[in-house]
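Me: Could you go through this fold with me, beginning with the sheet?

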Amino acid sequence: MILKNHKKVIYLNAGHFDGSPGFICDGLVEGKEVKIIRDLLEMLLLDSGFSVVKIPDNLDLRKSIDLVGETCKQTTDGLAIDIHLNSKGNLAGIIRGTSVYALNNAKSASIGEVLSKGISDIVLTKNLGFKPDSESGPGSLGWCRQIVCPSFVVECFYLDDLEDRKIILNKQHLLVAEGICDA
């Protein structure tokens with residue numbers, strides 16, 4: 001097991017804080033939807049024997065990273081997950097699926113693949129797999145680079161793809177949370 005020497009602590013962030021709604025599509029607000037997923041995931045993780053540090057919704061990214069840094073001092077101090085819903089932005093065509101961003105190393109790639117597959121298998125979307133954070137829109141993700149323990153930005157699916165959006169429209173937040181927890 002990749003994380004056998006790690007503490008069973010999961011740091012959970014809902015991706016967008018109260019002052020940043022994230023992507024909005026057809027009345028669905030990314031920030032609201034990922035908070036639902038995060039809260040369901042927290043319950044599942046607690047039931048599975050993990051300790052969970054839930055990042056408060058009033059903290060921006062910088063303060064969220066700092067909060068994790070207050071207790072996470074070593075690479076084995078847990079795992080940090082930042083939950084998002086993706087958007088195509090200016091890209092044209094059909095783009096859908098689950099991807100997980102992290103630092104480009106073997107351990108993160110392995111964990112990222114497991115997380116991506118866990119979500120995509122349960123919600124039946126395309127598995128886009130692990131992506132180095134250098135391939136993200138900004139070219140680098142603070143959540144991945146500024147937290148000591150393995151840290152992941154999980155793009156559960158594309159909110160602006162009609163097939164992926166059905167996951168939210170059909171109220172399948174719990175399935176997404178189960179996919180992450182099981183992984």
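This is a predicted model: local features need pLDDT of at least 70, side-chain atom pairs count only at pLDDT 80 or more; totals for chains, interfaces and linings use all residues.

Me: In what order do the six strands of the open sheet come?

Reply: The order is E4-E1-E5-E8-E6-E7, with mixed pairing; strands (E, at least two residues) and helices (H or I, at least four) are DSSP runs numbered from the N terminus, and two strands pair if DSSP finds at least two bridges between them.

Me: Which strands stand at the edges?

Reply: Strand E4 (51-54) and strand E7 (127-132) do, each having a single partner strand, so one side of each has no neighbour in the sheet.

Me: How many bridges join E1 to E4?

Reply: Four bridges join strand E1 (residues 9-13) to E4, and the two run parallel, with Tyr11 standing opposite Val53 in E4.

Me: Switching to H6, which of its residues are buried?

Reply: In helix H6 (residues 173-182) they are His173, Val176, Ala177, Gly179, Ile180 and Cys181, where buried means under 20% relative accessible area, exposed over 50% and partly exposed in between (1.4 Å probe, protein chains only).

Me: And where is Lys171?

Reply: Lys171 is found in the loop between H5 and H6, has a positive phi of about 55° although it is not a glycine, and counts as exposed at 66% relative accessibility.

Me: What about Leu124?

Reply: Leu124 lies in the loop between H3 and E7, with phi near 60°, and counts as exposed at 69% relative accessibility.

Technical notes:
Residues are numbered from 1 along each chain as its sequence is written. Side-chain values use heavy atoms; hydrogens and water are left out.
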